[in-house]
Amino acid sequence: MAVVTRIKVDTKNQVWIGTDRDGLYCIGAQSGNIIHHYTSKGKKGEKLLFQGVSDILQYNDSIFYLSGNGLSILNVNTNLFQYFTVADGLPSANISNMVKDKAGNIWMTTGSGIVSYHPVKRKLSHYTAEDGIHSLTYMGGAAALLKNGNIAFGTNQDFILFDPIALAAKKYKSPKVQISSIEVMGNQLKQRFYTTAS
């Protein structure tokens with residue numbers, strides 16, 4: 001039997017339930033009926049990266065970020081996924097919490113520190129002990145955006161409180177760009193993967 005890891009209510013009053021081994025459920029708050037059940041089974045682009053979901057973040061009306069062995073990015077209008085993983089530049093696939101700040105950055109607690117990522121600007125920053133992050137062990141569900149814009153993350157001993165604007169990084173690590181295919185006049189060239197230099 002699966003353990004419920006997260007429960008979130010979206011802007012349409014639908015209930016999203018993440019589990020540790022049975023994927024993600026979307027349930028109607030009034031009816032109690034299952035609207036969608038997303039798992040890691042199926043074709044790429046139509047499934048979760050991982051069967052377990054550690055956190056759920058609604059970024060806007062149509063986009064949801066789901067952590068579990070990286071990020072599965074769900075467009076609820078199309079029911080299709082995109083993915084953001086270590087191969088794309090994410091410092092760690094082990095994400096326990098996600099919080100969206102007022103500037104649109106997603107702040108994540110990971111096994112290698114705190115990460116911020118702006119999906120539109122494609123800007124990624126990684127904060128470690130060198131930046132004053134004293135813990136790499138974060139408690140799932142212990143995360144909040146405060147009314148003043150500060151973010152709090154709970155660790156196994158205390159909590160980290162910071163102003164995301166004050167931590168705005170001067171250097172960003174751009175995600176790796178990968179070309180999966182090239183077509184000439186509608187004909188796909190011999191398949192080969194190309195990766196840009198980081």
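This report covers strands, a sheet and aromatic contacts in a predicted model.

Residues are numbered from 1 along each chain as its sequence is written. Local features need pLDDT of at least 70 and side-chain atom pairs count only at pLDDT 80 or more, while totals for chains, interfaces and linings use all residues; side-chain values use heavy atoms, with hydrogens and water left out.

**Hairpin**

Strands here are DSSP runs (E, at least two residues), numbered from the N terminus. Two strands pair if DSSP finds at least two bridges between them. Strand E1 (residues 4-9) and strand E2 (residues 14-19) run antiparallel and are joined by five bridges. Lys8 stands opposite Trp16 in E2. Four residues lie between the strands of this hairpin, and Asn13 takes a positive phi near 65°.

Strands of a sheet pair through backbone hydrogen bonds, either parallel or antiparallel. In this model, four strands form an open sheet in the order E9-E10-E11-E12, with antiparallel pairing. Strand E9 (95-100) and E12 stand at the edges. Each has a single partner strand, so one side of each is left without a neighbour in the sheet. From one strand to the next, the twist averages 20°. That angle is taken between axes, which are lines fitted to C-alpha atoms; angles run from 0 to 180 degrees between N-to-C directions. E10 pairs with strand E11 (residues 113-118) over five bridges, in the antiparallel sense. Met108 has Val115 in E11 as its bridge partner.

**Aromatic contacts**

Rings of Phe, Tyr and Trp (its six-membered ring) pair if their centres lie within 6.5 Å; planes under 30 degrees apart count as stacked, over 60 as edge-to-face and the rest as tilted. The structure holds nine aromatic pairs. Two of them are tabulated here.

| Pair | Type | Centre to centre | Between planes |
|---|---|---|---|
| Trp107 and Tyr127 | stacked | 5.6 Å | 20° |
| Phe153 and Phe162 | tilted | 5.9 Å | 40° |

Trp107 lies in strand E10 (residues 106-110) and Tyr127 in strand E12 (residues 123-127). The two are 20 residues apart, so the pair links distant parts of the chain. Both Trp107 and Tyr127 are buried. Buried means under 20% relative accessible area, exposed over 50%, partly exposed in between (1.4 Å probe, protein chains only). Phe153 counts as buried because its relative accessibility is 0%. Phe162, at 9%, also counts as buried.

One aromatic cluster is formed by Trp16, Tyr38, Phe64, Phe81 and Tyr83.

The charged end of Lys100 sits over the ring of Tyr59, 4.3 Å from its centre. The criterion is NZ of Lys or CZ of Arg within 6 Å of the ring centre and within 35 degrees of the ring normal.
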